[in-house]
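I opened the model to look up charged side chains and their partners. My notes follow.

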Amino acid sequence: MLNKIRLEAIHHRIAIVGQVKDAQTKQVIPGAVVKIANMPDSFKSKLDLLAGLYGDDWEKRVKRPDRTRTRVDGYFSFQDLPDGPYTLTASLLGTGTRYSADPTIKTIPPGSNTESEDTEVQVSSDPETGADTIPTVNFYFQPTALKGNVTNSDDEAVVMAKVEIEGSGEYTFTDNNGNYLLSSLEASRDKLSPRQVKVNVVAQGYQTLTSALVDLNQGAVTTHNLVVVKM
């Protein structure tokens, strides 16, 4: 008679969740690397043990108990963490100078819907019910961006005007209030030598406008208002 092996499903405990977003558009950013920077000693001991087992491959691993990447919806999670205080960091890959290097961190304690300025979260479970209390950590990366409004000489908003950076293919259209936002632009890392661009505005019934040079610096949002003249 064959021995029967009983296989049981492994249930992982979600400990921390969060999302990475563009600070201006609130659009999600997939592929961001999220790491646990500070942790309880019990978790650090576990990581030290794993580092010894994996050797030189440890630092090369994309996904680890203390490291993960955001999904296509911008979400990430960490599982099976021991109780205690944690702080997280996030970084972007392959985005060049389109975002700031350091994001703003907002946390949401369990049972709350309001973001807090605290950067440390507490992982714990209810001592009576055993239910997990899951904190949220959200990251907001400030984009290199150009924003403003387009009006005519009568100070009226110009709707659906095409606002483009000359020679780059980067463009957008104004909204119902004449406002525009060009986000995630390439820039210069050197504030003393910014990327300088000209902005063209094309709108039906108006003369095409080419602005003076505008400076773009990494992770800075520059306001640039534009006035077009009727034909």
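I began with Glu-59, which is exposed at 55% relative accessibility (buried is under 20% relative accessible area, exposed over 50%, partly exposed in between, with a 1.4 Å probe and protein chains only). This is a predicted model, where local features need pLDDT of at least 70, side-chain atom pairs count only at pLDDT 80 or more, and totals for chains, interfaces and linings use all residues. Residues are numbered from 1 along each chain as its sequence is written, and side-chain values use heavy atoms, without hydrogens or water.

Next I looked up the partner of Glu-59. Glu-59 forms a salt bridge with Arg-67, with 3.6 Å between the closest N and O atoms (a side-chain nitrogen of Lys or Arg within 4 Å of a carboxyl oxygen of Asp or Glu). Arg-67 is buried, at 11%.

I then checked Arg-98. Arg-98 and Glu-186 meet in a salt bridge at 3.7 Å, N to O. The two lie 88 residues apart, Arg-98 in the loop between S5 and S6 and Glu-186 in the loop between strands S13 (179-182) and S14 (195-197) (strands are DSSP runs of E, at least two residues, numbered from the N terminus). Arg-98 is partly exposed at 29%, and so is Glu-186 at 35%. Shared partners in salt bridges join Glu-59, Arg-64, Asp-66 and Arg-67 into one network.

How many salt bridges are there? I noted a count of 11.

Last, I turned to Lys-106 in strand S6 (residues 104-108). Lys-106 counts as buried, at 18%. Its side chain makes a polar contact with the side chain of Glu-117 at 2.4 Å (N or O atoms within 3.5 Å; within protein, one able to donate a hydrogen and the other to accept it, and residues adjacent in sequence counting only if both atoms are side-chain atoms).

Key. Helix = DSSP H or I, 4+ residues; strand = E, 2+ residues; numbered from the N terminus.
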